[in-house]
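Biologist: Before I use any labels from this model, I would like to see how each one is reached. Please show the structure and take the labels in turn.

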Amino acid sequence: MNTATGLEMFAAKYAEDPLKLLEAIGTVKHLRRYNDGDVICHADEVAECLWIVDEGTVVIGEGSKITRRHKGDVVGEIAFHRPGEARRSTGIKADMTAKLWQIDRSKIDQMQPEHRVLWLEAVAAVLSDKLIEATEQRALLLKENVSLDQVLKRFVCEDGLMAVNGAFESQHIEPDMTTALLWFSDLAGFSTFSRELKPSDAAEQIRRFMEIQVEEIHGADGEIDKFMGDGLMAFWRIPDEHRTQDRVPRAVRAALASVERIKAIVLQEGLSLDIRIGLHLGPVVIGDFGGKDRIAYTLLGETVNSASRYEQARTCVEGMILGNVRLSEVVFSKLEDPDLRIQFEDKPRTFRDKSERLFLTHASKDLS
């Protein structure tokens, strides 16, 4: 058991000659007792003294606990040693019963020169330790922030991450009107296929098919909006013609590549699955449309609703099955590469949605 006093612990830690330091401060201190929750100092008050904890614990911070200081620690010295009429940046309270040695500014000024040097050397060592501690805490916080962002990116797109970070700072990100290319996909037959599987096996199966699409979408600079069971919604912001010419063909290639990779697995393993992907382009509103306690960053508008219908369609009005990738006419019109256009039927087919509305689509040719 350590029977040293708080002063002795302070001197032993921060002075080359602890006995001389104790002698130097022997006449400039007096002991004060505080009960649990007693305020030792308030934020913004003039810093006229500092303290060395002799017994108990003190909490640095008002409203929320920033840090704690214990026996042998110095508190209040940062503001105390600022030039001029320095003020406290935060408050200090006693945590349970505490005894503190109070050292007044006027007492420091009255020290003999050699004692004052010893004192200032000790305080410099204290400040150095606290600077190292603060640097380590900041490095840890930055690491935690990076780790947090990595975790959040698994739940929201890059745009959504801004909304989440804004929520941490009590900021509301206003919705934005823009043009976007929408991707809706669905693993046809997965519900029936997974019926006999264990939940863990079903999850593993859906995960690998989703990962294929995510790889292709991210490779084409797209963003994942959400996973919907065995379906997926993604988007590309294309607010200008340059990005339209770049992103649209890349998104279409990503869709074709996803279909090719998934069909290869289905064929190799003899699975009763297929995939449908619908792409549509148009105006959307993008932003956080959740409640005050929940972020729901997504896209809204008729473009989004129509894009989902291209994926949902099974056959055209003539009864013919549509190909795996279905492009709206506006998306098809943005494809200038003949090698890309040739993978789709030249003439658009007409299909009806559940409300009997008519849509035109350029479907991909059979890749099986």
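This is a predicted model: local features need pLDDT of at least 70, side-chain atom pairs count only at pLDDT 80 or more; totals for chains, interfaces and linings use all residues.

Biologist: Why is Thr57 called buried?

Modeller: Thr57, in strand β3 (residues 49-60), has 15% relative accessibility. Buried means under 20%, so Thr57 counts as buried. Beyond four places in sequence, Thr57 touches Arg68, Arg69, His70, Ala94, Asp95 and Ala98.

Biologist: What makes the pair Thr57 and His70 a polar contact?

Modeller: The side chains of Thr57 and His70 are joined at 3.2 Å, and the cut-off for such a pair of N or O atoms is within 3.5 Å.

Biologist: Why is Glu302 called partly exposed?

Modeller: Its relative accessibility is 42%. Buried is under 20% and exposed over 50%, with partly exposed in between, so Glu302 is partly exposed. Glu302 lies in helix α10 (residues 302-312) and, leaving aside neighbours within four places in sequence, is in contact with Arg309 and Arg357.

Biologist: How do you know that α1 is oblique to α2?

Modeller: Helix α1 (residues 6-14) and helix α2 (residues 18-25) pack at about 130°, with axes 8 Å apart. Roughly perpendicular ends at 115 and roughly antiparallel starts over 145, so α1 is oblique to α2. Their crossing is right-handed.

Biologist: Which residues of α1 and α2 meet?

Modeller: From α1, Leu7, Glu8, Phe10, Ala11 and Ala12 meet Pro18, Leu21, Leu22 and Ile25 of α2. By class, this contact has eight nonpolar residues, no polar ones and one charged.

Key: Residues are numbered from 1 along each chain as its sequence is written. Side-chain values use heavy atoms; hydrogens and water are left out. Helices (H or I, at least four residues) and strands (E, at least two) are DSSP runs, numbered from the N terminus. Buried means under 20% relative accessible area, exposed over 50%, partly exposed in between (1.4 Å probe, protein chains only). Contact means heavy atoms within 4.5 Å. A polar contact is a pair of N or O atoms within 3.5 Å; within protein, one must be able to donate a hydrogen and the other to accept it, and residues adjacent in sequence count only if both atoms are side-chain atoms. Axes are lines fitted to C-alpha atoms, for helices over the stretch in contact, and angles run from 0 to 180 degrees between N-to-C directions. Angles under 35 degrees count as roughly parallel, over 145 as roughly antiparallel, 65 to 115 as roughly perpendicular and the rest as oblique. A crossing is left-handed if the near helix is turned anticlockwise from the far one by less than a right angle, and right-handed if clockwise. Ala, Val, Leu, Ile, Met, Phe, Trp, Tyr, Cys and Pro count as nonpolar, Asp, Glu, Lys and Arg as charged, and the others, Gly among them, as polar.
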